Amino acid sequence: MLSKTVRIATADGEAEAFVAHPEGGERHPAVLLYPDAFGLRPVLEEMVRELAGHGYYVVAPHFLYRDGPVPLVELPGHIGEEVRPGIIGRLMPSIEAHLGDGRVERDADAYLRFLAAQPEVADGPVAVTGYCIGGLLAVRTASAYPERVAAVAGFHSPVVAGGPGGLHGLLAPITAEIHLGHAASDLTPEALGELNRALDAAGVRYTSEIYPGTVHGYTMRDTDAFDPEGLARHWERLLSLLRRSGLSG
């Protein structure tokens with residue numbers, strides 16, 4: 001396994017990113033992986049390497065690069081509930097700014113161009129996945145560039161927040177298959193039904209489900225929210241999605 005930190009040129013500067021892919025000189029399907037609100041850190045790098053180990057070229061960008069390098073906010077080794085609200089409060093102005101003014105779409109274009117230019121990346125469309133706010137960024141990427149994204153996934157993600165055109169405007173352009181793995185604490189069955197009706201109306205192929213017994217952040221080993229069964233279910237659903245979409249590693 002090869003892994004490294006790179007810098008990706010964007011329309012607004014340079015974004016630090018963590019990359020991993022198998023050794024051997026072969027070309028592999030690409031996955032753009034958006035971190036959660038806490039950003040790039042050891043647990044995210046571990047997840048990038050694990051996904052790459054299944055035969056993928058994976059890049060995880062520091063999407064809040066405009067406001068400073070990694071770490072944008074100093075994080076403890078374990079993000080407990082006693083410190084989480086304060087950290088999120090410090091990050092939220094940067095996250096809210098990032099969601100406006102076309103930043104998500106401009107940056108996504110740069111990330112996708114970076115992947116297309118790598119000699120280790122196979123030709124063709126890519127997959128995009130994300131965690132927490134990163135799941136919304138993944139869906140917005142698939143919406144903005146449908147011809148370049150074959151699969152999109154979001155885990156414990158606020159997809160119902162939609163985008164500039166609302167939920168219908170966000171979903172309607174997507175041609176990729178979607179998987180959404182919701183935390184049980186994030187979405188009521190009624191809200192899930194409303195979201196799934198919007199997905200039906202958009203005519204997209206999708207699975208959208210609540211992962212039983214989970215709370216927001218269930219995939220992240222360095223938080224109190226971590227749920228081993230939720231993480232395992234996430235890997236099974238993500239890898240199955242990639243295979244169905246013709247992106248076998």
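## The E1–E2 hairpin

Strands E1 and E2 are joined by a hairpin through two residues. They pair in the antiparallel sense over nine bridges, and Ile-8 has Ala-15 in E2 as its bridge partner. Helices (H or I, at least four residues) and strands (E, at least two) are DSSP runs numbered from the N terminus; two strands pair if DSSP finds at least two bridges between them.

This is a predicted model, in which local features need pLDDT of at least 70 and side-chain atom pairs count only at pLDDT 80 or more, while totals for chains, interfaces and linings use all residues. Residues are numbered from 1 along each chain as its sequence is written, and side-chain values use heavy atoms, with hydrogens and water left out.

## The sheet

Eight strands form an open sheet of mixed pairing, in the order E1-E2-E4-E3-E5-E6-E7-E8. Its edge strands, E1 (2-10) and E8 (206-211), each pair on one side only. From one strand to the next the twist averages 20°.

Strand E7 (residues 177-183) runs parallel to E8 and is joined to E8 by six bridges. The bridge partner of His-182 in E8 is Ile-210.

## Two helices on the sheet

Helix H3 (residues 103-117) packs on the sheet and touches E1, E2 (13-21), E3 (30-34), E4 (57-61) and E5 (126-131). Contact means heavy atoms within 4.5 Å. Helix H4 (residues 133-144) also packs on the sheet, touching E3, E5, E6 (149-155) and E7.

The axes of H3 and H4 come within 10 Å and cross at roughly 80°. Axes are lines fitted to C-alpha atoms, for helices over the stretch in contact, and angles run from 0 to 180 degrees between N-to-C directions. H3 and H4 are therefore roughly perpendicular to each other (65 to 115 degrees). Val-104, Glu-105, Ala-108 and Leu-112 of H3 meet Leu-137, Arg-140, Thr-141 and Ala-144 of H4.

## Aromatic pairs

The whole structure holds three aromatic pairs, defined by ring centres within 6.5 Å, with planes under 30 degrees apart counted as stacked, over 60 as edge-to-face and the rest as tilted. Tyr-34 and Tyr-111 form an edge-to-face pair, 6.2 Å centre to centre with 65° between the planes. Tyr-34 lies in strand E3 and Tyr-111 in helix H3, so the pair ties together parts 77 residues apart in sequence. Tyr-34 is buried at 2% relative accessible area, and Tyr-111 is buried at 1% (buried means under 20%, exposed over 50%, partly exposed in between, with a 1.4 Å probe and protein chains only).

Tyr-131 and Phe-155 form a stacked pair, 5.7 Å centre to centre with 25° between the planes. Tyr-131 is in strand E5 and Phe-155 in strand E6, 24 residues apart. Both Tyr-131 and Phe-155 are buried.

Note on methods:
Angles under 35 degrees count as roughly parallel, over 145 as roughly antiparallel, 65 to 115 as roughly perpendicular and the rest as oblique. Rings of Phe, Tyr and Trp (its six-membered ring) pair if their centres lie within 6.5 Å; planes under 30 degrees apart count as stacked, over 60 as edge-to-face and the rest as tilted.
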